[in-house]
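Subject: Structure for you to look over

Hello,

The structure I mentioned is below, with the sequence. My notes on what turned up in it follow.

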Amino acid sequence: MDEEYEVIVLGTGLKECILSGLLSVDGVKVLHMDRNDYYGGESTSLNLNQLWKKFRGEEKAPEHLGASRDYNVDMMPKFMMGNGKLVRTLIHTDVTKYLSFKAVDGSYVFVKGKVQKVPVTPMEALKSPLMGIFEKRRAGKFFSYVQDYDEKDPKTHNGMDLTKVTTKELIAKFGLDDNTIDFIGHAVALHTNDQHLNQPALDTVMRMKLYAESLARFQGTSPYIYPLYGLGELPQAFARLSAVYGGTYMLCKPECKVEFDEEGKVTGVTSEGETAKCKKIVCDPSYLPNKVRKIGRVARAIAIMSHPIPNTNDSHSVQVIIPQKQLGRKSDMYVFCCSYSHNVAPKGKFIAFVSTDAETDNPQTELKAGIDLLGPVDEIFFDMYDRYEPVNEPALDNCFISTSYDATTHFETTVADVLNTYTLITGKQLDLSVDLSAASAAEE
């Protein structure tokens with residue numbers, strides 16, 4: 001361990017493992033350490049016995065739930081956009097060869113007291129029960145505009161500069177009502193609150209295009225994909241990638257104390273009396289608690305069920321987004337469900353999560369609207385965790401700290417954090433412009 005590395009990565013959460021893999025591919029000499037004896041950190045997957053130990057202590061899991069090894073319960077469950085940045089990062093690094101994916105069955109939104117399929121094409125908008133006949137026509141015109149929009153072709157802009165026109169102003173041109181605006185902003189563009197309405201419309205339009213491209217790419221009933229056996233496979237796949245390119249791994253390393261020089265710059269990491277020297281540190285917030293601040297909490301429920309979520313067309317894997325306005329909240333609520341079809345539970349069993357940014361200290365009450373959508377549950381666990389973001393200046397101390405995982409059940413915000421950190425470390429943008437047809441292996 002008494003060697004010098006360019007970067008030491010602390011923690012094997014997904015963000016840290018992606019960065020470790022990307023840096024190793026770039027030829028950076030990386031040492032990756034974790035105080036735990038398993039991969040995944042906060043984003044690990046648990047079998048049934050581990051789940052019970054985490055939430056119920058010494059109590060044993062009931063036998064009727066099936067074999068412990070048949071469960072892979074993600075602690076940070078998120079779906080991937082089929083054409084999103086994470087999938088393109090997987091392809092860019094060829095990590096797809098270590099993983100198998102399957103499309104997610106459904107994408108839904110809770111509007112006006114009902115769970116409804118998210119329409120994203122002019123044809124789907126015309127069929128959707130979300131809207132009346134005149135609203136369908138208006139929505140169809142808006143979706144057509146978004147579908148045809150090309151940033152480089154002014155003829156498709158309808159005389160509007162979307163870097164200046166706000167989302168609210170753009171939508172006003174099409175006369176859409178509040179419920180339509182709600183599902184477009186939250187369930188298609190995947191904004192987590194309503195701030196986007198007063199920001200330039202280009203971001204929302206490009207997010208909508210990503211949703212439609214992801215849907216078309218898999219020609220399925222949702223734009224999302226998810227790895228077989230759960231997300232715990234992802235950190236290990238990126239760890240394997242890092243090792244292939246010369247990265248060194250050390251699990252079960254206690255303490256992992258970060259060392260600094262007199263100027264406050266990082267010099268290395270000490271564990272068990274040995275110090276590995278380095279120029280830069282990448283880590284999750286738990287390794288440098290004095291360089292982060294708390295930015296909120298996430299409330300969540302984890303349910304084991306014997307049926308799919310009602311009103312989702314019997315989908316074995318599904319996301320339901322409940323926009324903040326529908327519940328009179330400041331933030332959206334997310335419902336995630338996966339099952340034996342993705343090998344995360346035994347046959348006939350479904351794992352559902354309900355999560356949101358906590359606005360109270362009572363997750364049972366706060367999550368009730370999402371839990372009510374699940375129907376009967378076999379078992380349910382409640383949890384709250386704090387979220388942190390870095391407050392240090394990486395240019396001054398060479399510490400690159402990730403932000404804690406948010407409540408969303410999709411990866412777009414997570415990967416944005418990873419790619420931004422990559423740019424801060426290397427001074428360059430990650431080039432994801434690869435032939436997406438190379439992803440065919442991921443689609444099988």
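Which helices and strands each supply at least two residues of the lining of the largest pocket? They are α1 (14-25), β3 (45-46), α2 (48-56), α9, β14 (292-305) and β18 (379-390). Please keep in mind that this is a predicted model.

Pocket

The largest pocket holds about 840 Å³ of space. It is lined by 41 residues, and Asn36, Tyr38, Gly41, Glu42 and Thr44 are the closest of these to its centre. Sorted by class, the lining of the largest pocket comprises 16 polar, 13 nonpolar and twelve charged residues.

Helix α9

Helix α9, one of the contributors to the pocket lining, spans residues 233-244. Two of its residues are described here. Arginine 240 belongs to this helix. Is Arg240 buried or partly exposed? Its relative accessible area is 43%, so arginine 240 is partly exposed, given that this class lies between the 20% limit for buried and the 50% limit for exposed. In sequence, arginine 240 is 228 residues from threonine 12, yet their C-alpha atoms are 12 Å apart in space.

Valine 244 is also in α9. Its relative accessibility is 57%, and valine 244 therefore counts as exposed, the cut-off being over 50%. On the surface, Val244 forms a nonpolar patch with Val25 and Tyr245. Together the three have about 270 Å² of accessible area.

Cavities

How many cavities of 30 Å³ or more are there? The count is three. In the largest cavity there is about 70 Å³ of space. Its lining is made up of Met75, Met76, Pro77 and Lys78, then Val298 and Arg300, then Ser355 and Tyr385, and finally Asp406, Ala407, Thr408 and Thr409. By class, that lining of the largest cavity has six nonpolar residues, with three polar and three charged ones.

Helix α3

Helix α3 covers residues 85-93. Which of its residues are buried? Leu86, Val87, Thr89, Leu90, Ile91 and Thr93 are. After α3 comes aspartate 94, which has a positive phi, near 65°.

Regards

How values were computed: Residues numbered from 1 in each chain as written. Predicted model: local features only at pLDDT ≥ 70, side-chain atom pairs only at ≥ 80, totals over all residues. Heavy atoms only, no water. Patch = residues over 30% accessible without salt bridge, like charges linked within 9 Å, V, L, I, M, F, W, Y side chains within 5 Å. Areas by Shrake-Rupley, 256 points an atom, 1.4 Å probe, with all protein chains shown as cover. Salt bridge = Lys/Arg side-chain N within 4 Å of Asp/Glu carboxyl O. Helix = DSSP H or I, 4+ residues; strand = E, 2+ residues; numbered from the N terminus. Buried < 20%, exposed > 50% of the residue type's maximum accessible area, 1.4 Å probe, protein only. 1 Å grid on protein atoms, 1.4 Å probe; cavity = no way out; pocket = protein on both sides within 12 Å on 5 of 7 lines; lining within 4 Å. Points joined across faces, edges and corners; volume = space filled by probe spheres on them. Nonpolar A, V, L, I, M, F, W, Y, C, P; charged D, E, K, R; others polar.
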